[in-house]
Amino acid sequence: MITGLDYGTSNCALSAPLQNSKGEVSPSLVPLEKDQPFLPSTLYALERELIVESVAKCIPEKDDQSHFIQSRRNQLSQASRVRLSNDIGADEQTLFFGREAFSHYLECPDEGYFVKSPKSFLGSSGFRPQFIEFFEDIVTAMMQNIKQKAEAHLGDTLTHTVIGRPVNFQGIDADKSNAQALSILTTAAKRAGYKEVEFLYEPIAAGFAFEERLTQDKTVLVIDIGGGTSDCAMVRMGPSYRHKMDRKNDFLSHTGERVGGNDLDIQLAGKNFMPLFGMESDLKNGLPMPTKFFWDAVTTNDVSAQVHFNSLQTETHLEQMLRDTKEPHLLNRLIMLRENKQNFQLVRDAEKCKIALSSKLEHQVDLSYIEKALICDISRNAYSNAIQPPLLKMMALMNLAVKEAGEKPDVVFITGGSAQSPLILEAIRQNLGDVEILDGDHFGSVATGLGVWAERIFS
């Protein structure tokens with residue numbers, strides 16, 4: 001069976017050809033978590049070492065499975081020891097995904113192994129081969145879970161897929177970064193059991209889903225603001241184009257950068273939450289408190305920042321700062337946050353606040369899990385001020401796509417979860433002027449469009 005797979009930074013979604021109430025067959029989203037088609041991009045393992053064990057068990061092809069077991073001998077031996085030392089039964093569930101993963105993390109944040117938005121890490125540079133293998137195993141475990149749930153719902157085996165990709169996974173050394181990320185995704189998809197794997201730019205995939213709605217030919221600016229990246233594409237679309245197999249000449253320009261909804265959450269958490277943890281306090285010598293520890297805490301989409309935040313060096317520095325600060329009770333909150341591994345929960349609260357401020361002007365965030373009765377009131381105006389750096393980058397990408405295309409769009413199609421923000425919509429209007437702006441399924445457009453393209457190239 002042919003599918004489109006959106007392995008997203010915030011959510012994963014999969015489309016497959018399904019029959020609607022009118023008897024028509026078209027790519028439609030498949031439930032992945034109960035009746036929900038959007039599965040949060042999270043994984044929780046009782047112990048980190050058990051991820052590789054789960055992957056090994058679920059590789060369907062025997063030759064691939066044998067090769068994988070051989071290549072991970074040491075890790076699998078560690079997994080066996082972890083099971084014995086922690087008295088984890090052979091039939092006990094050890095990996096959890098989506099909302100279930102969040103639930104386990106929130107219940108015991110200082111236990112187990114929790115990862116959110118691993119797609120953000122795939123293009124990161126400077127990692128040893130062992131880290132690349134670990135990323136492969138995380139992505140493979142997630143893809144195996146998605147594929148198994150989709151096959152159970154559809155009653156068929158998924159064999160071919162088109163996976164969405166951003167224009168650039170990272171801004172630095174983009175070609176090398178992209179090659180590394182695509183290699184990880186391809187390896188993971190093959191180990192999940194896919195026979196054929198292709199890739200398509202996410203904004204173009206979103207455009208294909210939108211194109212089905214067009215009754216006239218248009219030059220469309222597609223803006224896809226996802227969790228980890230923002231991508232723009234100028235594309236000629238409409239009835240005259242939609243059935244063409246070769247669309248190269250229809251794509252006028254595309255731009256992309258690793259800046260997205262996660263960056264908005266991080267900026268909100270840093271500038272609005274971190275002062276409660278001592279970021280804007282002073283030291284006894286009159287100098288301001290160093291800010292790196294605070295930004296490392298909330299930069300959950302950066303592996304190096306998380307490694308540094310959890311390092312012994314940071315622990316030592318925080319102990320010194322606690323002696324030097326004028327307001328030790330504030331810095332104690334950061335120390336407890338670090339010890340209890342609650343920084344992912346804090347950034348998740350920033351994400352919830354961002355969503356709430358899309359429909360109201362003020363929102364109160366309950367931080368009582370940090371300290372009893374601790375709250376933070378945030379206005380939409382404060383949020384707007386906090387997100388200006390990433391917002392300006394997003395608008396620059398949009399303007400560059402228009403400039404490189406050499407013409408103004410007839411219509412703008414926006415997609416991606418963060419594109420729902422009225423602040424982003426207003427910024428687009430201010431930059432483009434009097435151009436019609438349309439939106440659709442903010443979360444499902446990419447997966448649906450990937451399914452459209454998969455049907456064309458694999459059928």
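This is a short chat about parts of one predicted model.

Visitor: What should I know before looking?

Guide: This is a predicted model in which local features need pLDDT of at least 70 and side-chain atom pairs count only at pLDDT 80 or more, while totals for chains, interfaces and linings use all residues. Residues are numbered from 1 along each chain as its sequence is written, and side-chain values use heavy atoms, with hydrogens and water left out.

Visitor: Is strand 8 enclosed or open, and why?

Guide: Strand 8, residues 160-165, is largely enclosed by the rest of the structure because 5 of its 6 residues are buried, where buried means under 20% relative accessible area, exposed over 50% and partly exposed in between, with a 1.4 Å probe and protein chains only. Strands here are DSSP runs of E with at least two residues, and helices are runs of H or I with at least four, numbered from the N terminus.

Visitor: Which strands run parallel to strand 8?

Guide: Strand 1 (residues 2-7) is joined to strand 8 by 4 bridges, and G4 stands opposite V162 there. Strand 9 (residues 196-201) is joined to strand 8 by 6 bridges and also runs parallel with it, with I163 opposite F199. Two strands pair if DSSP finds at least two bridges between them.

Visitor: Switching to helices, how do helix 5 and helix 6 pack?

Guide: Helix 5 (residues 129-154) and helix 6 (residues 174-192) pack at an angle of about 45°, with their axes 8 Å apart; axes are lines fitted to C-alpha atoms, for helices over the stretch in contact, and angles run from 0 to 180 degrees between N-to-C directions. The two helices are therefore oblique to each other, since angles under 35 degrees count as roughly parallel, over 145 as roughly antiparallel, 65 to 115 as roughly perpendicular and the rest as oblique.

Visitor: Which residues of the two helices meet?

Guide: Among them are I132, F135 and D137 in helix 5, and I184, L185 and R191 in helix 6, contact meaning heavy atoms within 4.5 Å.

Visitor: Is D137 buried or exposed?

Guide: D137, which lies in helix 5, counts as buried because its relative accessibility is 4%. Leaving out residues up to four places away in sequence, D137 touches I51, V52, V55, F68, R72 and R191.

Visitor: What is the strand order in the open sheet of 3 strands?

Guide: The order is 6-5-7, with antiparallel pairing, and the edge strands, strand 6 (95-97) and strand 7 (113-116), each pair on one side only. Strand 5 (residues 42-45) pairs with strand 7 over 4 bridges, and A45 stands opposite Y113.
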